[in-house]
Amino acid sequence: IILYALENEFNYGEMFFDIDKLFWYEGGPERGLTQSAGTKEYFNAMKKFVRNDGIDIPLSTCPGVPEVKGMGDVKDIIPMPNFYDTEGP
């Protein structure tokens, strides 16, 4: 094993988290307007879990979009790009 993937396309989780702020449920927004997805905390926790399990190889994640976002700017996590073949197989 040369690389350990922590997460895949978490930026979509962030996006849906923010969309929830636009919808009303039982008289109020589903999420508070100032509530954060906690991306940095999430990735730091994931990193800590795998390091505590003795995994010492490089860590990665696939942001899922060309712009590198949805990673929380956590140090030592390598963004891996997605490639989509729009021309077919």
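User: In strand 4 (residues 59-62), are Leu-59, Ser-60, Thr-61 and Cys-62 buried or exposed?

Analyst: In a regular strand, side chains alternate between the two faces of the sheet. In strand 4, Leu-59 and Thr-61 on one side, and Ser-60 and Cys-62 on the other, are all buried, so both faces are covered (buried means under 20% relative accessible area, exposed over 50%, partly exposed in between, with a 1.4 Å probe and protein chains only). This is a predicted model, in which local features need pLDDT of at least 70, side-chain atom pairs count only at pLDDT 80 or more, and totals for chains, interfaces and linings use all residues. Residues are numbered from 1 along each chain as its sequence is written, and side-chain values use heavy atoms, leaving out hydrogens and water.

User: Which strands pair with strand 4?

Analyst: Two strands pair if DSSP finds at least two bridges between them. Strand 1 (residues 4-8) pairs with strand 4 in the parallel sense over 4 bridges, and Asn-8 has Cys-62 as its bridge partner. Strand 5 (residues 77-79) is also parallel to strand 4, over 3 bridges; here Leu-59 stands opposite Ile-77.

User: What pattern does the protein follow along the sequence?

Analyst: Helices (H or I, at least four residues) and strands (E, at least two) are DSSP runs, numbered from the N terminus. The protein has 2 helices and 5 strands, in the pattern β-α-β-β-α-β-β.

User: What share of the 89 residues is buried?

Analyst: Buried residues make up 27% of them. The C-alpha atoms fill a box of roughly 50 × 45 × 20 Å, taken along the principal axes.
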